[in-house]
Structures are given as structure tokens and as C-alpha cells.
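Colleague: I am new to this one. Please walk me through how to read it.

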Amino acid sequence: MGLALLLVVLKTMALRTGNEHYNRSARFWAKIFAINFAMGVVTGIPMEFQFGTNWARFSRAAGGVIGQTLAMEGVFSFFLESTFLGLFLFGEKRLGQLGHWVSAFMVFLGSWLSGFFIIATDSWMQHPVGYELGPKGEIVLTSVWALLTNPWVVWQYFHNMTASVLTGSAVMASVGAYYLLVGAHLAYGKTFVRLGVIAGCIACVVLIFPTGDGQGKMVAQHQPVTLAAMEGLFDTEQGADMVILGQPDMEKMKLDNPLKIPNMLSFLTYQRWKAEIKGLRAFPKDQWPDNIPLLYFSYHIMVGLGTIMLLLLAVSLLLLRGDALFRQPFMLWCLMLLLPFPYVATTAGWITAEVGRQPWLIYGLMRTSEGTSPYVSAGNGLFTLLGFMGLYTLLGILFLFMVHREIEHGPEGG
Amino acid sequence: METIWFCLVAVMIAAYVVFDGFDIGAGIIHMFVARTNEERRQVLLSIGPVWDGNEVWLLAAGGTLYFAFPPLYSSSFSGFYLPLMMVLWLLILRGISIEFRNHIDSPIWQPLWDRVFSGASALLAIFFGAALGNVVRGVPIDATGFFFLPLWTNFQPGQEAGILDWYTIPVGLTAFLTLAVHGAFWVSLKTAGAVQMRARAAARTLWWGLAALTVLITVLSFRIQPHLAEQYGQRPWGFLFPAIGVAGFLGMKFYGNRARDLAAFLASSTFIVGMLTSATFGLFPYVLPASPDVSLSLTVYNSAASDYGLKVGLAWWIPGMLLVAAYFVFTYRHFAGKVAVNEEY
Ligand code: HDD
Ligand code: HEM
Ligand code: HEM
């Protein structure tokens with residue numbers, strides 16, 4: 001999704017300057033986009049099926065609500081994307097430059113719409129709205145509008161999309177830095193680093209404030225027990241500290257080796273230094289997320305990486321003036337090695353959101369254990385899980401192999 | 001309202017089978033009608049820009065089924081757990097073989113993906129057919145509204161039914177041949193030269209096999225699902241649907257013999273629509289008949305979502321589908337004509 005935006009930027013620059021350099025850059029990234037897209041399609045289909053195959057009781061109860069957003073995603077975004085991606089990849093000559101720009105824009109629009117609908121689905125599971133309970137325990141939709149304008153979705157959507165832009169930008173900057181360091185495709189390397197650093201830096205700022213902050217406030221308001229677990233806060237405090245480092249000890253119910261900023265958590269959550277934040281002990285144990293250390297660490301990994309990436313990108317941005325950055329091997333090395341970290345942060349963020357929602361499948365309405373398919377035995381579940389693990393390992397290897405080839409091949413030929 | 005959505009979902013499924021059907025069909029005949037690397041490239045190029053959009057019909061139909069009939073979606077998807085997982089694996093393998101084949105020129109890379117593409121397409125056609133067979137035959141839904149079917153038991157469609165039995169296997173093979181012929185017409189429409197000649201010949205030969213199987217499964221279906229005879233007996237106007245199917249079927253022969261590729265392709269599309277609508281009409285109001293105890297069947301009425309949901313659904317579904325129709329018209333016109341042998345893109 002992030003790369004889709006960057007492709008539009010590259011095509012726009014090509015249109016405005018008439019410089020073939022940007023068109024070649026766009027064609028190069030389009031190839032990588034196509035490989036990603038193929039991965040997105042083949043792994044997305046199992047997720048859509050999974051609602052019915054593995055979560056049948058959940059689907060029967062909630063299908064009338066979340067089926068709406070999933071069907072909208074199919075009708076409004078998948079068709080849009082797949083149609084225009086076909087045109088974008090296969091039709092540059094026949095469409096002409098303006099037509100090609102339009103198809104790039106439509107791919108971007110489609111993928112960002114897709115992101116919206118799926119995030120709206122997830123948000124509803126985090127914070128259900130616009131429903132009432134029917135006579136047989138089924139969840140009946142009462143307002144699609146409420147579903148689409150869920151207060152949770154606003155923050156979650158923009159946080160996610162900026163995370164995607166950061167990911168795409170980091171990949172672009174990293175590939176550019178690699179070209180500069182090995183001394184190949186220099187003109188392209190500079191373009192990629194410049195675009196990657198600028199877009200990445202903007203995205204990283206918005207990612208942290210206001211969207212990350214907004215997500216945190218949503219959690220504090222609607223899932224206070226999750227907040228306590230994320231922060232590793234065991235006891236209720238007036239003026240809670242923000243933990244930078246430390247290891248939760250679940251037996252003794254305390255945090256080992258804490259490194260803290262005093263009162264910061266209270267301030268960030270409620271804008272008052274002495275505001276009260278409830279700790280885990282204030283909630284009954286059956287409301288606690290199942291795996292608190294996992295939740296705590298994944299949250300801290302996300303936030304820690306976000307901070308580090310912002311620093312790195314901000315320094316790079318300053319060095320871009322007068323092209324000093326391109327003469328700084330150390331910074332180029334840092335940028336090149338940045339590549340995996342947005343992926344790690346994104347995965348950690350999802351683990352935070354999803355483990356944080358436990359033990360609920362739909363927060364406050366349905367427990368995860370109540371949502372399964374009743375007649376799918378553990379043996380069958382394990383069989384198919386192993387099948388997917390094997391197949392996804394293969395996909396992962398193929399993906400890396402194909403992308404590596406494109407990068408080695410470089411943008412010059414296209 | 002429920003009946004409207006029932007028809008809309010049926011239309012979307014039919015659209016899926018017609019559209020994705022031809023690229024699955026092209027995959028089935030891929031190894032046979034295209035022999036050299038260049039020829040195989042031609043077949044892939046003929047579906048390259050459109051196959052993904054075609055597959056989206058499956059997702060859109062699935063999503064629509066999900067929100068309009070949640071109990072049906074959850075019961076059938078969990079009950080058909082194993083075959084669906086295999087369908088997913090096949091879809092994954094098929095998708096990557098189409099996308100990745102042409103990235104690398106190597107005498108071991110391309111032949112590998114050609115075989116994966118062809119094999120996955122063939123198995124998909126059979127699985128989809130068998131799934132339809134299961135729906136017609138009925139499944140052992142119990143009082144909780146759920147069921148689970150193993151892949152096979154003793155191949156008897158009785159008490160301990162499995163996914164595959166002597167009724168559903170012929171249905172699977174019929175689907176296989178239907179899509180093979182449908183795909184052959186598409187390939188002859190989009191290519192020239194040797195590939196086109198072989199695809200036309202394949203369609204003509206396979207048609208006879210399809211004729212035999214279609215008669216067979218029609219007879220078997222009426223034996224295995226008594227509701228079909230009841231429904232057609234009570235509402236004879238429904239014979240319209242089988243008539244459409246028969247007309248399409250004869251059209252396939254007629255135009256196929258005269259090498260009128262576009263007309264033949266449209267005829268096979270008509271045949272597919274006719275067959276699917278005949279089956280859905282015959283089952284109505286059941287959407288998933290229960291096999292020992294018919295009273296536990298899922299019907300259009302007991303599995304629909306709330307009235308509000310269905311009504312707002314219409315408000316976005318109609319404009320959404322108009323847009324989709326516009327995209328499809330645009331793409332198919334844009335990529336109309338034959339694929340060139342050495343096309344660069
Ligand atoms: C590049 C990735 C990335 C980075 C650097 C950050 N995040 Fe994040 N974050 C995500 C990627 C992400 C995500 C993967 O996109 C999540 C997972 C679920 C979601 O909606 O977005 C997420 C969720 C998420 C949540 C919701 C957890 C829940 O729902 O329980 C909060 C409170 C934050 N983030 C806060 C932050 C803060 C304060 C950050 C900066 C210091 C930060 N994130 C950096
Ligand atoms: C359970 C959750 C999800 C389901 C069921 C799902 C379903 C799907 C499906 C079926 C596709 C393929 C569509 C096609 O043929 O083009 C797809 C692709 C896509 N999905 Fe998801 N998805 C899920 C999670 C997500 C998330 C979390 C995001 C991002 C926030 C997302 C954004 C996209 C995008 C942008 C595409 C287009 C493909 C690409 O650009 O790589 N999806 N998804
Ligand atoms: C890519 C990011 C995602 C990751 C890493 C992720 C990870 C997780 C994890 C760790 C759990 C908790 C498992 C447990 O404790 O039992 C979970 C649960 C769940 N997630 Fe996600 N998830 C992601 C995206 C999504 C999206 C986008 C959706 C829906 C649209 C979704 C739907 C669910 C559901 C239904 C559950 C409950 C089932 C369960 O607990 O396993 N997930 N996910």
C-alpha cells in the first residue's frame with residue numbers, strides 16, 4: 001500500500017518533468033509491486049475463507065455486521081485494483097502517459113480503500129458499534145454508518161497507512177542506498193534515497209503523532225486492561241511512569257530492571273502528570289490478555305523501533321540538503337540496513353493489537369474460545385496449519401528470490 | 001428481500017464460473033494445446049491481464065454470501081473445511097505459477113510452473129464441481145446448524161457421506177470438461193496459428209465427452225435429490241433454465257464446428273449459466289439441503305441476515321456492481337484482439 005503511493009509520486013514527477021528517468025524508476029518499482037501484489041492476492045484469499053472455515057460460530061453470529069465491510073472490500077476495492085493493475089502493468093504503451101498515471105492512481109485508490117475496509121472490520125472487533133443482540137444471540141447490524149465511522153477506525157486506519165508508507169519508503173531508500181554503496185545505477189540510487197527519506201520521514205512523524213498517540217488513547221479509553229498489560233503496569237498509580245526498558249515477571253507481578261520516565265504515561269494518556277492509570281491488579285484475572293509478556297514486548301518493540309527510525313530518517317533528511325547524504329557512507333549503511341525494521345515494527349504492532357484484544361474475539365461480546373468451528377477437529381486444524389506453513393515458507397523463499405533478482409537487475413533496462 | 005439476495009449471490013457465482021472458468025479452462029488445456037515455450041507464453045498472455053480480476057468474483061461472491069447469509073456461509077465453509085483448504089492451496093499455486101513463470105528464462109523454471117499451473121487448474125475444476133455436487137446431494141447438518149464432511153468414506157452418498165462419492169465425482173468431471181471446453185474456446189479466440197488449431201480441435205473432441213457426462217449427471221441428480229423433481233413439477237416455468245443450458249450446449253457444437261470462436265465462447269458461457277441456474281432453481285428455497293433430516297436444511301429464509309442489513313446492502317451493492325461492469329467492459333475492450341507472439345509489455 002505504501003509502494004502504491006510512491007508509484008503515484010514517481011508517475012507524477014514523470015508527467016511534470018517529462019523526464020524518462022522517473023518513468024524508468026516507476027517501471028522498476030512496478031515490477032516489485034507486482035510481485036508483492038501476487039503475494040497479497042494469494043495470501044489474502046485464505047484469510048477471507050478462514051472466517052468461515054475456522055471461525056464458523058463467530059461468522060454465524062457476526063457475519064451480518066463484518067460481512068458488510070468484507071463484501072464492500074471485494075466489490076469496491078479488489079475489482080478496482082486488479083483491473084487497473086492489469087492496465088498499469090500491461091498497458092503503458094496503449095494507454096499513453098496520462099492514462100498510465102490514472103491507472104497508477106486507481107491502483108493506489110483501490111489498495112487504500114481495501115485497507116480501509118479491512119481495518120474497519122478489525123476495528124469493529126476491537127470496539128463493536130452499531131449493533132444490537134438478536135433473539136438467538138446473533139449480532140444484528142443497526143447502522144452501517146456507525147460501522148464505517150467507528151471512532152477506533154480513524155486512528156487505526158491512519159496509523160496503519162502511515163506504517164505502510166514508512167515501510168514502502170524504507171524499502172525504497174534502502175535499495176537506493178545499496179546502489180550508491182556498490183556504485184551501480186547511481187542516478188536512480190539518489191532518486192530512491194531522496195524520495196524514500198522524505199516520504200518516510202513525513203510518514204514516521206504522523207505515525208507517532210497524532211496517529212500512534214490516538215490509538216493509545218483509544219486503548220486507554222475502551223480497553224484499560226490491555227493498556228495496563230502493554231505498559232507492564234501492575235499497580236494502579238497516580239502519575240504512572242512510562243517504561244522504556246524492563247522485563248515483566250509474571251510470578252512476582254512486577255517489572256525487573258525498569259528504566260522509566262516519571263509520570264510520562266499519565267501525561268501522554270490524559271495530559272495530566274498526576275492522572276490515575278489503573279494497573280493489572282485492578283482487573284479480574286479472567287479479563288487479562290492471555291499472554292502479557294508477549295503483549296508487553298511487542299508493544300515496546302514497535303514504539304522503540306518507531307523512535308529509532310524517526311531519528312535516523314530525520315538526520316538523513318537534514319543531510320539531504322546539498323546532497324551531503326550521498327557522500328556519507330555511514331548514513332547510507334544505516335539506511336540500507338533499515339530495510340527489515342518497519343516490517344518488524346508492523347508485525348509487532350499487529351501482535352499488540354490482536355493479543356491485546358484477547359481473551360475477546362469481539363471485545364466485550366464474544367470470547368475467542370466461543371468463536372471456533374465446532375466440528376473442525378484439532379487434527380484437521382493441525383494438518384492444514386502444517387500445509388500452510390510449508391506453502392508459506394516456499395512463498396517466502398520465492399518472494400525473496402524474485403525481488404532480489406529485480407534489484408540486482410536494476411532499473412536501467414526497463 | 002432474501003430472495004433478491006439469493007438471486008444476486010447466484011448471479012455473482014455464475015459470473016465467477018464464466019469468467020474465472022475460462023482461465024482455469026485455459027490452464028487445463030495448457031500443456032496439450034501449447035507445446036513450445038513460445039506457445040505456452042501465448043496462452044498465459046491471453047489470460048495475463050484478466051485472470052486476477054476474474055478471481056475477484058470469487059471473493060466478492062464469498063463476501064456477499066457472508067453478509068447476506070451468515071449461517072449458510074459459516075456452516076458450509078466449516079463443513080467443507082478440507083476441500084476448501086485444498087482449493088486455497090491450489091489457488092495459491094496457480095496464482096504464483098501464472099505470475100512468476102515469465103520472470104526467469106530457464107529450461108527448468110518455465111516447464112515447472114507450466115505443470116503446476118495446469119495441474120492446479122485441473123484439480124480446481126474438479127473440486128469446484130464436486131462441491132456443487134455436494135450441495136445438490138445434501139449434507140448431514142445437525143441441530144446446531146453445522147456439519148463436517150471427510151474427504152471420502154465408502155463413496156456411497158448415504159448416511160456416512162463424504163465429499164467424494166459416486167455422485168459427486170461425475171459432477172466434478174463434468175465441471176472439468178465444461179471448463180476445459182470453455183477455456184479452449186477462449187484460447188482459440190485469443191490466439192492464432194498452431195495453438196488456435198489445437199484448441200479448436202480439443203474443444204470439438206471434448207464436447208462429446210461432456211455430452212455424455214451431462215446426460216449422466218442430470219439423471220443422477222434427479223435420483224439423488226427428490227426435491228428437484230418436486231420443484232420443477234410445481235413450477236414448470238423453471239424449465240426455462242435447462243432450456244438455456246441446452247441451447248448453449250448446441251450452440252457450442254454448432255459454432256465450434258464452424259470455427260466461430262467468439263460465438264462458441266458465448267455459447268459455452270450460456271451453457272454454464274444455464275446449468276448453474278437450473279441447479280439453483282431446482283433446489284430453491286433450499287440453499288444447503290440437509291441429507292438425512294431434510295427439516296434441518298438451510299433455506300433462503302432461515303439463513304438470511306437482518307432486513308436492515310440486506311436493505312443497506314442493496315444501496316451500495318448496486319452502484320458497486322455498475323462500476324464493476326464498467327471496469328470489465330473497459331478491460332476486455334482494451335485487451336481485445338489476439339495476443340501477439342512476441343508481445344512486449
Ligand atoms: C512501521 C510500523 C509502526 C511503527 C513505527 C509504530 N507503529 Fe504502532 N502500530 C503499527 C505499526 C507501527 C501497526 C502494525 O500498523 C498497528 C497494529 C494494529 C494497528 O492498527 O496498527 C499498530 C498499533 C498501535 C497501537 C494499537 C494497539 C492496540 O490496538 O491495542 C498503538 C497504541 C500504537 N500502535 C502506538 C504506537 C506509537 C506510540 C508508536 C511510536 C512511537 C508506534 N505505534 C509506532
Ligand atoms: C483477515 C484479514 C484480511 C482478509 C480476509 C484479506 C483479504 C484479502 C484478499 C482476499 C486479497 C486479494 C484480493 C485480490 O485478488 O486482489 C487481499 C489483498 C489485499 N489486502 Fe487484504 N485481507 C486481510 C487483511 C488485510 C490487511 C490487514 C490489510 C492492510 C491494512 C489488507 C490490505 C490489502 C491490500 C492493499 C490488498 C491488495 C493486494 C496488494 O496490494 O498486495 N488486507 N486481501
Ligand atoms: C497482519 C497482522 C496480524 C497479525 C500479526 C495478527 C496476529 C494475531 C494474533 C497474535 C492473534 C491472537 C491469537 C491468540 O492469542 O489466540 C490474532 C487473533 C485474531 N485475529 Fe489477527 N492478526 C493480524 C491481522 C488480523 C486482521 C486484519 C484481522 C481481521 C480482519 C484479524 C483477525 C483475527 C481474529 C478473528 C482473531 C481471533 C482468532 C485468534 O485468536 O486466533 N487479524 N491475530
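Colleague: Which helix of chain A gives the most to the shell around ligand 2?

Modeller: Helix 2 of chain A does, with nine residues. Helices here are DSSP runs of H or I, at least four residues long, numbered from the N terminus. First, some ground rules. This is a predicted model: local features need pLDDT of at least 70, side-chain atom pairs count only at pLDDT 80 or more, and totals for chains, interfaces and linings use all residues. Residues are numbered from 1 along each chain as its sequence is written, chains are lettered from A and ligands numbered from 1 in written order, and side-chain values use heavy atoms, without hydrogens and water.

Colleague: How many residues surround ligand 2?

Modeller: A residue is near a molecule if one of its heavy atoms lies within 4 Å of it. For ligand 2 there are 21, and A:M1, A:G44, A:E48, A:E81 and A:S114 are the closest. The surrounding residues come from chains A and B, so the site is shared between chains.

Colleague: What lies 3.4 Å from an oxygen atom of ligand 2?

Modeller: A polar side-chain atom of B:D52.

Colleague: How are two packed helices described?

Modeller: By the angle between their axes and the distance between the axes. Axes are lines fitted to C-alpha atoms over the stretch in contact, and angles run from 0 to 180 degrees between N-to-C directions. Take helix 3 (residues 56-90) of chain A and helix 3 (residues 51-68) of chain B: the angle is about 155 degrees, and the axes are 6 Å apart. That makes the two helices roughly antiparallel, a term for angles over 145 degrees.

How values were computed:
Parallel < 35°, antiparallel > 145°, perpendicular 65-115°, else oblique. Polar contact = N/O pair within 3.5 Å; in protein donor to acceptor, adjacent residues only side chain to side chain.
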